[in-house]
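Q: Please take a close look at one part of this model. I would like the contact between the two chains first, then the chain around it.

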Amino acid sequence: MSGTSEYIPLLIQLVFAGGFVLLVLIITHLIGPKRDGARKLESFECGIESKGNARLPFSIKYFLTAILFVLFDVEVIFFYPWATNFREFGMDGFISMLIFVAFFLLGFLYLMKKKAFKWE
Amino acid sequence: MSTLVLLSLLGFLVLFLGAFDQKKLLLPVAILGLVAAFFTNALDWGTNHLWYGMMLYDNYAISFVGLMIVTLILILLIASYQFRNEDSHIADIYALMIFVLVGALVMTSYSSLVMLFVGIEILSIALYILAGSRRTNLASNEASLKYFLMGAFASGFLLFGITLMYGVTGSFDLAVISDYANGTDNLPIIFTTGVILILIGFAFKIGAVPFHFWTPDVYQGAPTIITAFMATVVKTAGIAAFYRLFDTCFSGIDGVWYNILWAIAAATILLGNISAVMQNEAKRMLAWSSVAHAGYLLLPVLALNELSSSSIFYYTAAYSVASVTAFGVLIAISQFNNDLQIDQYKGLAKNKPMMTLALVVSMFSLAGIPPLAGFFGKYFVFVTAMESNLNIAVMVAIAGSLIGVYYYFRPVIYAFNNEGQPMERIATSWTFNFVLALGVFLTLLLGIFPDLLSNLPGN
């Protein structure tokens with residue numbers, strides 16, 4: 001097969017990339033200074049000594065808001081290809097989009113009735 | 001197509017009835033809508049309309065959709081009984097079940113691989129939510145997560161297979177793929193890889209060995225009525241979609257997939273039945289038994305002759321009715337005890353004779369005892385397989401059925417043991433009694449007059 005030889009540069013690059021990682025790992029291990037201790041093992045945060053636990057409770061409402069944002073954001077994206085092809089799609093495309101928006105608004109209405117937007 | 005639109009709008013209507021607190025109207029509206037959908041579906045009989053080159057609404061699709069609508073009606077009636085004392089989220093559960101049916105409809109009538117994938121996703125995404133619908137229960141959450149991860153993985157396999165098909169043939173259309181598969185002498189390796197990947201995706205979805213690992217845990221963790229739904233409607237849709245694709249496209253190239261599917265079917269029958277024997281929990285036993293039934297249903301797909309579609313249809317009909325009845329009895333008995341052991345059926349015959357009758361008929365039908373519907377289901381499947389010289393596979397299946405008799409009889413034997421706890425406290429409702437009576441009636445009717453359905457779907 002003549003096609004196989006074309007990929008040899010790719011193989012060389014693969015070997016080089018892997019070899020470089022391995023080489024750097026070995027060299028840093030050999031020439032780097034070795035320090036252990038409590039301070040060394042502490043998690044680094046902007047040079048300031050860290051306080052407390054990172055696992056704080058925060059309101060689950062943020063989660064719902066974020067999910068709803070993603071949902072509606074994705075649906076809005078479908079408007080863009082439609083808008084750029086607006087003329088070609090004509091009346092059929094317009095009616096299809098109206099149906100799409102109707103379903104979209106039904107979902108919105110459902111969320112309102114389920115009190116998903118009530119913060120308190 | 002009118003059925004598809006009607007079912008989608010019905011789903012939204014039920015959803016909004018719930019959001020506007022019209023709890024009393026939920027069940028009547030859902031049932032009436034499904035009955036209307038059954039009739040619009042039946043009106044399309046014989047039209048064979050190809051919609052936009054995407055969906056071929058032929059008699060095959062109409063038969064299976066009709067069966068699934070009837071099954072869903074029975075399941076909704078039992079669901080109203082199971083959720084009678086809870087007032088949250090019932091509308092959402094009903095609506096999601098109807099949306100699953102929409103996906104199932106697309107899966108049985110696709111004529112393009114895109115619609116197959118869209119149908120499977122409509123079905124699966126609603127099911128992931130349904131499996132986790134008992135939100136405060138840890139097992140239900142586990143079932144939902146497991147099902148989601150495994151299901152997403154399986155969808156990935158299926159999609160990869162579809163992509164390879166498209167890469168080779170340049171089309172998603174089943175007719176084009178079929179022409180390519182039957183008209184090419186040396187199929188490229190990526191085409192055969194695509195066939196195998198699609199096969200794996202389907203095996204995941206119907207829970208066939210060795211892709212069955214999610215089945216027992218998900219079936220056990222999900223609320224019992226959802227388990228009944230998954231074991232009947234979803235399995236029917238999965239096997240109908242499986243057969244439609246292999247019958248339309250890959251019947252001429254069985255050298256590619258025949259041995260693999262043979263091994264999958266035999267392993268599914270044996271492992272499903274042997275594992276069901278070892279279960280002590282009633283729900284888990286029924287979960288493993290549904291794995292075994294998926295194995296029997298693979299035999300007509302393997303045989304792929306002119307009898308296959310009607311034997312698949314008859315088998316799924318008999319199996320759905322018997323399963324809904326069996327799960328109904330399980331729901332009634334387990335209302336005070338979530339993890340019901342099989343020996344806790346004790347005392348049922350003394351206290352609830354009618355419920356015992358339903359249990360006996362459904363279990364005997366699942367085991368395949370004549371003259372019940374399950375017997376003729378198995379008979380038709382075996383005859384179909386023999387027709388294509390699958391003698392060894394049929395012998396494996398008969399051995400599996402013999403093992404099945406043991407574990408299907410265990411609950412029945414315990415039910416006639418009078419030493420058990422009193423079951424007077426078990427409350428029933430008229431919808432529940434109606435479904436049980438109808439289940440017994442249909443199982444006997446289909447067993448005595450198998451001709452009623454055995455000619456469907458016809459061509």
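A: **Interface and chain B**

Four residues of chain A are in contact with five residues of chain B; contact means that the C-beta atoms, placed from the backbone, lie within 7 Å. On the chain A side, the residues touching chain B are two nonpolar, two charged and no polar ones. Here Ala, Val, Leu, Ile, Met, Phe, Trp, Tyr, Cys and Pro count as nonpolar, Asp, Glu, Lys and Arg as charged, and the others, Gly among them, as polar.

The model is predicted: local features need pLDDT of at least 70, side-chain atom pairs count only at pLDDT 80 or more, and totals for chains, interfaces and linings use all residues. Residues are numbered from 1 along each chain as its sequence is written, while chains are lettered from A and ligands numbered from 1 in the order in which they are written.

Chain A is assigned domain 1 (3-41) and domain 2 (61-113), with bounds from an automatic or database domain assignment. The centres of these two domains of chain A, taken over C-alpha atoms, are 48 Å apart.

Chain B has 19 helices and two strands. These are DSSP runs, numbered from the N terminus: helices are H or I with at least four residues, strands E with at least two. The radius of gyration of chain B is 21 Å, close to the 23 Å given by the globule rule for 459 residues, so chain B is as compact as a globular protein of that length. That radius is taken over C-alpha atoms, and the rule is 2.2 Å times the number of residues to the power 0.38. The C-alpha trace of chain B spans about 70 × 55 × 40 Å along its principal axes.

Of the 459 residues of chain B, 56% count as buried. Buried means 20 or more other C-beta atoms within 10 Å of the residue's own, exposed means 12 or fewer, and partly exposed lies in between, with C-beta atoms placed from the backbone.

Helix α3 (residues 59-82) of chain B has 24 residues. Of these 24, 22 are buried, so α3(B) is largely enclosed by the rest of the structure. B:Ile78 touches B:Ile225, B:Val324, B:Gly328, B:Ile331, B:Phe432 and B:Val435, leaving aside residues up to four places away in sequence.

B:Leu9 sits in helix α1 (residues 2-19) of chain B. B:Leu9 is exposed, with 12 other C-beta atoms within 10 Å.

Key
Contact = placed C-beta atoms within 7 Å. Expected span 1.5 Å × (residues − 1).
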